[in-house]
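Good morning, and thank you for coming. Please look at the sequence and the structure as they come up, and keep both in view while I speak.

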Amino acid sequence: MTHASLASLFTPFNGGGLSLKNRFAMAPMTRWKSPDQFPGPDVAAYYRRRAENDVALIITEGTTIDHSVASQSTRIPAFHGRALDGWRRVADEVHAAGAKIAPQIWHVGAMRSPKDEYPNADLPSATPSGYYKPGGKQIAPPIGKAEIQGIADSYARAAETARTLGFDAVEVHGAHGYLIDQFLWEGLNQRDDEYGGDDVARTRFAVEVVKAIRAAIGPDFPLILRISQWKQQDYTAKLAATPEAFAAILKPIAEAGVDIFHCSQRRWWEPEFPGSDLNCAGWVKQLTGKPVITVGSVGLAGALALGAELGAHAEASTDIAPLAHGVEHGDFDIVAVGRALISDPEWVRKVKQGRLDELRPYDKSKLETLY
Ligand code: FNR
């Protein structure tokens with residue numbers, strides 16, 4: 001039986017046009033297991049297994065929009081062309097298991113090295129000012145305005161495809177130093193046209209993407225935007241140093257048509273600004289009034305590290321009650337679980353049934369298969 005202190009995590013969620021049976025989502029995680037960009041039956045079974053074990057919302061791994069340099073690899077699933085047959089099956093299987101599903105649509109921007117394997121690339125990569133890292137060397141020319149508008153249209157097509165394939169929502173990857181975040185981040189956006197400038201001017205690309213998507217999907221299909229202060233290029237980077245600066249950035253983006261914000265932290269319990277216990281999601285909820293998803297080391301005693309380390313090992317943590325308290329208190333609405341759900345497809349069910357002593361640690365070796 002669910003322990004009373006965890007009960008709020010198993011109450012239904014209704015907000016931003018989305019209804020869920022409980023508060024747990026699977027965090028988006030790239031698995032590099034879609035050869036020729038096609039998510040096969042093994043990918044569908046992998047997501048279905050989590051859905052069968054009480055995850056209320058599956059947010060898929062990043063899946064790339066139909067721009068020529070959106071992807072880093074042919075092993076990352078596309079969200080266009082023949083890959084859509086695979087995605088239709090993924091959505092059907094997740095639905096049959098009683099969960100909802102949103103694809104995470106993605107453009108990697110400067111994270112794509114010109115050396116990466118990817119067919120039909122007509123540019124080295126698409127980036128606001130050509131940099132992968134602040135102060136690094138320029139790897140590509142800044143993209144032009146026509147290209148920017150074309151990319152916004154690609155996002156809109158992908159979101160509309162999610163709706164027509166029967167997905168329940170769409171998540172846009174605006175976090176972790178990928179294309180949308182590259183425009184938001186001063187360190188990588190040095191443009192002197194209307195897409196660059198101060199904090200608010202740098203939101204223009206995100207705003208145009210959200211508006212283009214909203215125009216394509218209509219008013220009722222839920223649009224989730226994932227954002228983060230931290231970047232893969234720099235864990236300590238921040239878009240905003242104060243709540244006031246954060247509010248100025250969030251306001252135009254929220255007004256463009258976001259229903260739910262997904263606020264990525266490496267450790268969900270860390271306060272975002274001095275003087276308050278609120279985490280990033282808590283602040284975004286307060287500043288925008290929108291429902292929010294929190295994430296970061298849920299169920300684990302070690303934070304995500306990327307690249308070679310990819311969080312090599314993290315012990316299981318049974319300290320779940322603070323999350324339930326955050327939901328009860330209204331700090332955040334939904335809790336996304338990443339690595340704990342890679343190690344243990346039954347993670348949510350075990351929490352629901354009070355089997356906390358059975359939660360498994362995370363180990364990088366678990367990434368080798370799609371179990
Ligand atoms: C990730 N993460 C991630 N985030 C994202 O927005 N899109 C993605 O495609 C990926 N890919 C990815 C792959 C792998 C193997 C890991 C471990 C992580 C980040 C992920 O969604 C989540 O924010 C972090 O893992 C932190 O949550 P946990 O793992 O501490 O619960």
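His-173 has Arg-226 as its bridge partner in strand E7. This is a predicted model, in which local features need pLDDT of at least 70 and side-chain atom pairs count only at pLDDT 80 or more, while totals for chains, interfaces and linings use all residues. Residues are numbered from 1 along each chain as its sequence is written, and side-chain values use heavy atoms, with hydrogens and water left out.

Let me stay with the strands. Strands (E, at least two residues) and helices (H or I, at least four) are DSSP runs, numbered from the N terminus. Two strands pair if DSSP finds at least two bridges between them. Strand E6, residues 170–173, runs parallel to E7 and is joined to it by four bridges. E7 also pairs with strand E8, residues 260–264, again in the parallel sense, over five bridges. One of these bridges links Ile-224 to Ile-260 in E8.

Is E7 enclosed or open? Strand E7, residues 223–228, is largely enclosed by the rest of the structure, because six of its six residues are buried. Buried means under 20% relative accessible area, exposed means over 50%, and partly exposed lies in between, with a 1.4 Å probe and protein chains only. Both faces of the strand are covered: Leu-223, Leu-225 and Ile-227 are buried on one side, and Ile-224, Arg-226 and Ser-228 on the other.

I turn now to the ligand. Which residues come nearest to the ligand? Of the 17 residues around it, these are Pro-28, Thr-30, Arg-226, Ser-297 and Arg-339; a residue is near if one of its heavy atoms lies within 4 Å. By class, this shell has seven nonpolar, eight polar and two charged residues. Here Ala, Val, Leu, Ile, Met, Phe, Trp, Tyr, Cys and Pro count as nonpolar, Asp, Glu, Lys and Arg as charged, and the others, Gly among them, as polar.

Several N or O atoms of the protein lie by oxygen atoms of the ligand. In the side chain of Thr-30, such an atom is 2.7 Å from a ligand oxygen. For His-173, a polar side-chain atom lies 3.1 Å from an oxygen of the ligand. For Ser-297, a polar backbone atom is 2.6 Å from a ligand oxygen. On its own the ligand has 600 Å² of accessible area, and the protein covers 95% of this. That area comes from the Shrake-Rupley method with a 1.4 Å probe.

Most residues other than glycine have a negative phi. Gln-37 also has a positive phi, about 65 degrees, although it is not a glycine. It is found in the loop between strand E3 (24–26) and helix H1 (41–52).

Finally, consider two helices. Val-327 lies in helix H8, residues 321–328. Val-327 and Arg-23 are 304 residues apart in sequence, yet their C-alpha atoms are 8.4 Å apart. Ser-343 belongs to helix H9, residues 339–343, and is buried, with a relative accessible area of 1%.

Notes: Polar contact = N/O pair within 3.5 Å; in protein donor to acceptor, adjacent residues only side chain to side chain.
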